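Please read this briefing alongside the sequence and the 3D view.

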Protein chains: 6
Amino acid sequence: MQPIRIQVINGNTFAPMTQGIDESAQAARSPHTEVMTTQPQAGPESIESYYDEFLAIPSILETIILAKDQVDAFVIACWGDPGVEAAREITTKPVIGIAEASMYVANMVAARWGIVTTQHRTLDMIHQTVHRAGFSHRCVSIRTTGIPVIETETARHSTIEALEIAGRLAIEQDKAEALCLGCAGMSRLDLELEERLGIPIIDAVAAGVKLAEAMVGLKKQNSKVLTYQLPAAKPIRGYPNHMQPNRL
Amino acid sequence: MQPIRIQVINGNTFAPMTQGIDESAQAARSPHTEVMTTQPQAGPESIESYYDEFLAIPSILETIILAKDQVDAFVIACWGDPGVEAAREITTKPVIGIAEASMYVANMVAARWGIVTTQHRTLDMIHQTVHRAGFSHRCVSIRTTGIPVIETETARHSTIEALEIAGRLAIEQDKAEALCLGCAGMSRLDLELEERLGIPIIDAVAAGVKLAEAMVGLKKQNSKVLTYQLPAAKPIRGYPNHMQPNRL
Amino acid sequence: MQPIRIQVINGNTFAPMTQGIDESAQAARSPHTEVMTTQPQAGPESIESYYDEFLAIPSILETIILAKDQVDAFVIACWGDPGVEAAREITTKPVIGIAEASMYVANMVAARWGIVTTQHRTLDMIHQTVHRAGFSHRCVSIRTTGIPVIETETARHSTIEALEIAGRLAIEQDKAEALCLGCAGMSRLDLELEERLGIPIIDAVAAGVKLAEAMVGLKKQNSKVLTYQLPAAKPIRGYPNHMQPNRL
Amino acid sequence: MQPIRIQVINGNTFAPMTQGIDESAQAARSPHTEVMTTQPQAGPESIESYYDEFLAIPSILETIILAKDQVDAFVIACWGDPGVEAAREITTKPVIGIAEASMYVANMVAARWGIVTTQHRTLDMIHQTVHRAGFSHRCVSIRTTGIPVIETETARHSTIEALEIAGRLAIEQDKAEALCLGCAGMSRLDLELEERLGIPIIDAVAAGVKLAEAMVGLKKQNSKVLTYQLPAAKPIRGYPNHMQPNRL
Amino acid sequence: MQPIRIQVINGNTFAPMTQGIDESAQAARSPHTEVMTTQPQAGPESIESYYDEFLAIPSILETIILAKDQVDAFVIACWGDPGVEAAREITTKPVIGIAEASMYVANMVAARWGIVTTQHRTLDMIHQTVHRAGFSHRCVSIRTTGIPVIETETARHSTIEALEIAGRLAIEQDKAEALCLGCAGMSRLDLELEERLGIPIIDAVAAGVKLAEAMVGLKKQNSKVLTYQLPAAKPIRGYPNHMQPNRL
Amino acid sequence: MQPIRIQVINGNTFAPMTQGIDESAQAARSPHTEVMTTQPQAGPESIESYYDEFLAIPSILETIILAKDQVDAFVIACWGDPGVEAAREITTKPVIGIAEASMYVANMVAARWGIVTTQHRTLDMIHQTVHRAGFSHRCVSIRTTGIPVIETETARHSTIEALEIAGRLAIEQDKAEALCLGCAGMSRLDLELEERLGIPIIDAVAAGVKLAEAMVGLKKQNSKVLTYQLPAAKPIRGYPNHMQPNRL
């Protein structure tokens with residue numbers, strides 16, 4: 001049997017986070033799965049604003065274009081799922097956003113769940129992601145910690161302390177029964193946090209990898225009849241040849 | 001490595017459908033997964049009404065109780081996910097409904113999707129299932145065929161003909177880009193229907209099995225802090241000892 | 001004039017609660033109405049989880065089947081309205097759930113209202129009931145007390161104390177202007193609680209009885225064209241003859 | 001026992017419609033109920049636009065003010081429930097709008113229902129009424145006939161013909177299982193239309209009267225703590241003394 | 001070039017507020033715009049209840065009828081937009097409600113915003129206005145101050161103190177990023193409040209005037225094909241000749 | 001008085017469309033407004049897919065950065081409002097998307113409205129834009145024509161023919177009362193289409209310009225307390241110095 005090859009793409013360009021995401025992804029993969037974690041050539045060191053997000057997307061898409069013949073599925077490892085709809089246009093292979101993956105998992109283990117995340121300013125981005133997914137009636141808590149994305153990797157101790165405080169408020173005040181870690185940088189903190197809080201904590205990167213494996217196993221391709229058709233051939237200025245639609 | 005053991009539970013008591021579900025589940029499972037397909041001791045031969053559904057649930061739950069120490073996850077194989085919330089109370093193991101599983105998969109392969117299903121009278125049941133899941137903005141078509149559940153197994157040819165007609169209307173009139181097969185009895189018709197219609201067709205049983213594998217791989221248990229706590233000890237008249245809460 | 005005959009069905013099998021519900025129903029009925037309160041042969045002593053609820057439903061439905069030629073309407077006296085859709089399939093007579101009845105009444109006396117109820121774990125069940133009914137924009141508060149259902153009958157004093165505390169929070173923090181008593185066991189506490197809190201308190205059993213009388217007066221039968229058709233004839237294993245669809 | 005006294009208020013000033021509404025209300029009332037049907041002193045002959053509706057409301061409210069010590073409940077007999085929130089402010093007695101009453105009844109007899117009504121231009125008014133009530137997921141069809149309100153009284157034959165056509169489309173194309181008659185002038189056509197269409201047809205006036213009786217029986221007053229408090233004392237120019245808040 | 005003529009209509013009959021609204025409107029208008037601020041002949045001194053609102057509307061509409069040939073657009077200056085749909089029926093000229101105008105502006109300067117307003121009892125009116133507009137996912141805070149409408153003009157100091165307190169709660173607890181002043185009487189307090197709170201404060205009257213100018217500039221008339229057609233000719237009793245539909 | 005300076009940014013890089021947008025914007029501007037229309041340095045020739053959209057955004061944002069000290073407001077002239085949230089982070093000046101602008105205008109002239117647009121594949125993009133804005137209850141029709149964006153400029157005759165056909169379906173089948181032109185390339189077709197269809201047709205570019213003028217007149221800046229704060233300083237690889245957050 002051929003191994004399943006999954007490319008996990010850190011949404012940002014901070015190498016230590018790519019490393020951390022890889023650890024989580026490798027731990028989550030099945031034995032017969034190969035996981036290759038990478039980061040875009042270009043884009044922000046961390047994604048904490050709409051500006052960061054939109055500047056990250058082109059290179060995320062380029063990463064997918066360059067790898068699409070070598071892998072079986074893609075995981076976009078940034079809570080917010082930047083570019084996921086576009087990615088589904090440019091490949092027939094499954095593309096999983098870790099936000100949606102972790103929310104699906106949360107739905108399957110808890111009736112009411114929440115999200116704990118980084119900077120306060122991302123509150124609206126998280127809220128819109130939940131709303132767009134249709135889970136406003138299931139997600140009962142969004143708690144930001146004020147921790148910058150970078151520090152989720154570089155200051156693990158204070159990150160977990162902050163997550164514990166936020167998580168306790170989510171449980172006690174909002175009656176959350178499970179929590180999604182709302183940033184790829186927080187992955188691998190789930191077990192420690194589960195121990196402290198006593199409820200399921202979803203590592204979104206792990207959720208993304210497992211759903212990617214499931215999708216490859218199902219052998220379903222992205223629909224190509226309407227929305228997710230290959231982009232029509234046309235010049236796209238300022239982008240390299242391999243990103244031109246007629247080369248996709 | 002221990003194999004993953006998944007019990008797939010046909011929601012109804014029609015043995016040929018259990019057999020058909022098993023074929024689909026076996027085809028979908030990973031090599032290291034063991035799938036055991038079963039059907040409840042009691043309940044309707046087919047589920048086509050709320051009455052059927054509610055009479056099916058107790059025995060579905062009993063099936064889970066009896067197996068919960070032997071398996072790693074459960075798939076409730078009836079579009080409508082009968083009893084899934086209760087099942088999550090009585091076990092810490094993942095419980096996957098095939099309706100939710102197939103809708104998650106549909107979300108990942110298509111921007112707009114629909115459902116093709118059996119008797120016309122199930123329209124509201126399907127509609128409520130979609131609404132409860134939060135996907136009213138993604139599910140653009142629910143098309144019933146008038147085919148009884150039993151005939152999805154016993155009259156494969158007319159079933160696929162009817163599904164093709166319904167599916168074509170979903171694509172052309174409602175602009176659906178993928179379709180969920182809204183009945184466990186329709187499983188294994190996905191490839192033939194894909195060929196006829198040219199869009200992804202989701203076999204809900206297969207989707208359930210793959211998501212169950214993913215959930216086992218994630219090693220997350222059902223939250224036990226609020227909604228999905230074990231039912232409190234109390235007498236439940238007319239049910240066997242092994243279904244009494246103090247024995248769970 | 002023929003009297004109106006209403007069967008009120010306690011959702012659970014705790015006889016003192018059946019007695020308490022009967023008192024409320026008798027107090028609420030019009031002079032020309034006969035109320036017969038009963039409880040299912042089988043099922044949990046109290047309904048506080050999805051498991052309890054699903055195990056209660058078959059015998060609730062059986063109760064309706066056995067009485068359907070003798071009465072003019074049914075009230076399912078359990079906040080959560082277990083089995084109400086199925087009940088409407090098996091009879092043409094009106095079937096009223098006390099949750100929906102009390103929410104309709106709340107809508108007619110207050111712009112914003114809430115629900116006070118029993119165990120904390122029922123929060124999601126209540127929330128889903130409100131969401132399913134369409135009243136998320138009217139129901140501004142769901143407050144659980146931690147009181148077990150049984151104690152609503154056996155510990156009236158502490159129940160009303162707890163309801164007062166919960167109600168005061170609903171009024172002061174959530175700006176609720178009326179409250180539904182979210183458990184049949186709480187019926188007959190409405191007047192005392194109204195006095196303490198100064199807002200309308202809806203006894204859901206009383207609301208159910210009055211709406212049942214109204215429905216009988218309107219002489220409307222359940223629609224039999226699509227969803228609420230009689231269940232199709234088929235064997236339902238493990239259930240008595242009188243519950244088989246071909247005998248309904 | 002004191003009889004229940006219900007005032008039914010035709011929303012408009014077309015006397016033949018008031019007479020028709022009275023017939024429906026008298027037929028629907030219980031033996032121990034007295035129904036007095038009236039119409040406002042001022043306002044449009046028929047309500048078919050927002051302009052008509054807003055000019056009708058002050059006199060509807062005046063009618064309630066003048067009668068509030070003589071009756072036990074009010075029914076505002078115009079689909080759209082003009083002024084119902086204000087009416088609940090100025091009296092503690094139940095005030096029932098026939099739109100909400102008929103939608104509650106529809107919910108209790110059918111999973112999916114629709115509305116058939118008068119002028120095409122009222123489509124948005126009906127749609128907003130359904131949306132405001134929270135029933136967008138239950139109301140699957142709004143069909144206008146182009147019949148002016150006045151003609152619902154004066155041209156009964158063509159009205160019922162038009163309703164049959166609209167109703168058949170609602171059943172066949174939109175899968176409605178019951179229909180609300182979306183105009184007080186259509187009352188008493190329910191039985192004839194039921195015979196033609198084979199599904200429950202809700203006479204909204206009858207629904208309003210029965211719910212009013214139910215509310216009186218429940219002995220609940222409108223909440224007076226926040227929204228429905230008596231209007232604060234202040235001069236209201238151009239209105240008679242008895243409509244000034246300090247006289248209410 | 002012809003100047004743009006905008007009539008701003010205070011919803012109530014309190015002359016000092018009309019004066020205050022005029023100051024705000026004059027300050028907001030473009031140099032080539034003429035603003036005429038007026039108040040209805042009849043109606044309540046202040047609008048703080050549904051009763052007040054419904055009694056205000058006929059004279060607001062009369063004001064528009066009398067001016068409709070002299071002006072280019074109307075602004076209804078009462079948060080709640082009383083009568084705006086009817087106004088659009090009786091004129092082809094743009095009619096802007098200050099509630100909708102201020103919410104549109106809020107959407108354009110902030111991801112999450114709130115409303116600070118007057119009497120506590122208006123909470124539901126504000127909430128329904130937001131819900132009707134479709135902005136429940138953007139409006140994260142509605143804070144009432146308990147200040148009567150009249151005092152927003154006559155007690156400016158205590159009003160701004162109360163608004164500051166309410167606004168601070170909206171920012172800190174609800175994470176609002178901008179605030180609409182939810183009463184026309186609060187206009188001209190925006191700059192002072194912005195200074196105190198550090199976020200954009202929307203003067204709804206100013207917002208209404210600027211959107212009215214924009215609409216006149218676009219040269220679009222109200223749609224006259226369905227909902228906003230001119231009201232059909234019919235007698236409207238108790239209203240003057242110039243308000244009869246056949247004279248509109 | 002200083003003139004108002006508005007930069008209108010064509011979302012794509014097709015110069016004839018920039019020219020067409022400019023004509024519409026110049027025609028819509030007030031005499032004291034200066035409009036400068038431009039197009040991004042990089043990005044697709046036309047935006048017809050999520051891929052196109054995401055590749056267009058960075059250069060749209062760059063355009064804003066380069067101009068932000070020279071102009072008073074920005075209009076992003078692409079139906080879908082690409083990058084509008086990010087743009088509000090990087091400037092305090094108003095940023096208006098033409099989709100939101102045209103939907104606000106539609107709300108003010110019609111109770112029910114629709115959108116006519118280009119390629120069939122954009123159906124989901126349009127639908128999501130409406131859903132995100134909160135107008136699912138007002139937008140009753142989305143009709144695609146199959147016309148490529150480029151042809152809206154280069155094949156005006158067939159474009160208007162196709163729009164008329166789509167518009168007539170929107171009016172007759174979906175009961176739309178006004179239509180937004182769902183592509184910047186369709187601007188200046190509004191008057192011709194109004195004549196053919198008899199309902200208001202909204203030129204989204206014109207709507208954007210007028211709302212931008214209104215926003216400048218209101219002197220409100222984007223909120224800088226939470227979501228729309230300036231992006232935090234951090235390296236963004238592959239982007240020029242002037243796009244680095246510490247230079248914004």
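**How the copies meet**

Of the interface residues of chain A, 100% are also interface residues in chain B, so the two copies meet through the same surface. Residues are in contact if their C-beta atoms, placed from the backbone, lie within 7 Å. This is a predicted model, in which local features need pLDDT of at least 70, side-chain atom pairs count only at pLDDT 80 or more, and totals for chains, interfaces and linings use all residues. Residues are numbered from 1 along each chain as its sequence is written, while chains are lettered from A and ligands numbered from 1 in the order in which they are written.

- Chains A and D do not touch, and their nearest C-alpha atoms are 15 Å apart.
- Chains C and F do not touch either, with their nearest C-alpha atoms 15 Å apart.

**Strand S4 of chain D**

- Strand S4 (residues 73–77) of chain D has 5 of its 5 residues buried (20 or more other C-beta atoms within 10 Å of the residue's own, all placed from the backbone).
- Helices (H or I, at least four residues) and strands (E, at least two) are DSSP runs, numbered from the N terminus.
- On one side of S4(D), Ala73(D), Val75(D) and Ala77(D) are buried, and on the other Phe74(D) and Ile76(D) are buried.
- S4(D) pairs in the parallel sense with strand S1 (residues 4–10) of chain D over 5 bridges (pairing needs at least two DSSP bridges).
- Ile76(D) in S4(D) stands opposite Ile9(D).
- S4(D) also pairs in the parallel sense with strand S5 (residues 95–97) of chain D, over 3 bridges, and there Gly97(D) is the bridge partner of Ile76(D).

**Domains of chain A**

- An automatic or database assignment sets the domain bounds, and chain A is divided into domain 1 (4–98 + 206–247) and domain 2 (100–203).
- The C-alpha centres of domain 1 and domain 2 of chain A lie 22 Å apart.
- Their contact takes 27 residues from domain 1 of chain A and 25 residues from domain 2 of chain A.
- Helix H1 (15–28), strand S5 (95–97) and helix H9 (204–218) of chain A each supply at least two residues of the domain 1 side that touches domain 2.
- H1(A) gives the most to that side, with 6 residues.

Note on methods: A residue is buried if 20 or more other C-beta atoms lie within 10 Å of its own, exposed if 12 or fewer, and partly exposed in between; C-beta atoms are placed from the backbone.
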